[in-house]
Amino acid sequence: MTDVDVVVVGGGPVGVMTGLLLAQRRLSVRVLERATEIYDLPRAIVMDDEIQRVFQHAGLLDGLREITTPILGAEFVTPQGEQLIGIELPVELEWPLGLHPTVSYYQPQLEAFLRESARAAGVDLRLGIEVGEASQDEHSVTVRATTLAGDTESHTGRWLVAADGASSPIRKQLGIDLVDQGFDQGWLVVDVELSRDVPTLPRFVQQICDPARSTTFVPGHKSFRRWEFRLLDGETRDTMIDPDRVWQLLQPWLSSADARLIRAAVYRFHAVVASRLGEGRIFLAGDACHQTPPFLGQGLCAGIRDSVNLVWKLDLIKRGLADDALLATYDEERLPHAAGLVAHAADTGRLIDQLSGRQPEGDGLDAAYGGSRPFPILEHGVLYGTHPAIGRQLPQPTVGGRPLDELLGNDFAVIVDDMSTATGISADWAGLATVVEVPIATLPSTLPRGGAVIVRPDHYVAAIAHNATELDEASAALLALIRTT
Ligand SMILES: Cc1cc2nc3c(=O)[nH]c(=O)nc-3n(C[C@H](O)[C@H](O)[C@H](O)COP(=O)(O)OP(=O)(O)OC[C@H]3O[C@@H](n4cnc5c(N)ncnc54)[C@H](O)[C@@H]3O)c2cc1C
């Protein structure tokens, strides 16, 4: 007997999103958070289209749009503002995932929205509960916890997700190391809220490659704006967060008459990834298992990818449609993906130093915005075949006036050009997949006409088939990965 299906430790954005997605799939979930209030200072500021798609699937896109603003472009510039390399992101374009590639937000607003949505979905979110030791046996995990009043209590779940942040006590308890990718820089992060329009501010995210000091600018949601200033040798936290010093640094862009200072904080930007993502029934997610320099705006995004990956697997197991062995693919899929992103972000940070002449030239501009370096894809796990679309997010065109995802359901989907191809899906897939007829010509041209695409519940392409026979083979191979017995 357990209290709930899943105990989540940590009520930050990753823990709450995990709880929300589990509850929407009708798993019972309790989220335990030691703080009594949402952390009221912004850290994450941008979100990519894959993560907006998660909100869309959760029925939260309208609410998300109210608290986000599209980012119009991103560039590396000289101290004089001349573009070295960059990418424009026009809002009127039809983007592959059917959503704007990057939007900005104010993290405390996003977290409030997530918590409200999670509670509405039935998540038992408990604040002021500090989790201590976790123990597990063959069937369950139990955590000991302390309330604000000092009482001790225990919470038992079939599984435990530790989304307990960068210093994750659960990761430490499990003795899981963080593998350092060799990036460690001190930066001052400054957030302001404009009190009047300042038309001279950049419209794009900028990495300002200034030999005197690398600087980042991010146009935030509505009137929020962010600057990040690299600390120079000898500069300390205390001197840098002094408001007079902060306004002096901001002086090329604005003065205190233009904006209110929300906060100034010094961070060490790290690039670390856990050596493994859990043990037995305990899984790490979010900053607990990877921390990235923020140059690609991917820390929270990577954490939500963890949530989504775990949630559909736990759901299938709970419903008896998959074996526990499926959970081994969490590490296989998420570790290399997260490590690839962290490495990319670290190289983007190094590139700023190279372009400002503070470091010798490196591998060229591939890690820049608009550079040639591809985003990581899934390379292992619940995938079958070698088609280049496999392991990537399925594009989301509008089909019959509706976004494609609305036709795909919650589980696997088999998109066929013609229903006759779907004779290849055996009865064993009943309950696991929705078969949908969609003209494959509406999807990108690399997908086979007359064939089929097997899409995972997280919208990654699992397999491509050119005909009914190949679909039969692919579906049997995938089924063997999901259900070993
Ligand atoms: C300057 C900066 C800029 C960033 N920009 C971006 C960006 O643009 N885009 C992006 O995607 N990411 C960005 N990030 C990263 C992003 O902020 C983090 O990845 C994200 O907040 C991590 O969420 P989390 O839920 O994993 O961890 P956290 O937000 O740290 O939440 C962990 C929670 O666990 C709780 N907890 C810990 N221990 C216990 C315990 N024992 N018992 C109970 N509760 C516990 C904590 O109180 C906390 O609430 C940025 C980060 C920084 C610092």
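A note on handedness before I start: a crossing is left-handed if the near helix is turned anticlockwise from the far one by less than a right angle, and right-handed if clockwise. The model is predicted, so I kept in mind that local features need pLDDT of at least 70, side-chain atom pairs count only at pLDDT 80 or more, and totals for chains, interfaces and linings use all residues. Residue numbers run from 1 along each chain as its sequence is written.

**Entry 1: α1 with α4**

I looked up helix α1 (residues 13–24) and helix α4 (residues 107–120), and found them packed at about 30 degrees with axes 9 Å apart. Helices here are DSSP runs (H or I, at least four residues), strands are E runs of at least two, and both are numbered from the N terminus. Axes are lines fitted to C-alpha atoms, for helices over the stretch in contact, with angles from 0 to 180 degrees between N-to-C directions. That angle makes α1 roughly parallel to α4; the label covers angles under 35 degrees, while over 145 is roughly antiparallel, 65 to 115 roughly perpendicular and the rest oblique. The crossing of α1 and α4 is left-handed.

Which residues of α1 meet α4? I noted P13, V16, M17, G19, L20 and A23 in α1, against L110, E111, L114, R115, S117 and A118 in α4. Contact means C-beta atoms, placed from the backbone, within 7 Å.

**Entry 2: how enclosed is α1?**

I found 12 of the 12 residues of α1 buried, so the helix is largely enclosed by the rest of the structure. Buried means 20 or more other C-beta atoms within 10 Å of the residue's own, exposed means 12 or fewer, and partly exposed is in between, with C-beta atoms placed from the backbone. The buried residues of α1 pack against β1 (4–9), β2 (29–33), α4, β8 (124–127), β11 (152–162) and α8 (299–318). After α1 I came to R26, whose phi is positive, near 70 degrees.

**Entry 3: α2**

In helix α2 (residues 49–57), 7 of the 9 residues are buried, so α2 too is largely enclosed by the rest of the structure. I listed I51, Q52, R53, V54, F55, Q56 and H57 as the buried ones. Their cover includes β3 (46–48), α3 (61–66), β7 (102–105), α8 and α10 (405–408). G59 follows α2, with a positive phi near 80 degrees.

**Entry 4: α8 with α9**

Lastly, I saw the axes of α8 and helix α9 (residues 328–355) come within 11 Å and cross at roughly 170 degrees. α8 and α9 are therefore roughly antiparallel.

Note on methods
Contact = placed C-beta atoms within 7 Å.
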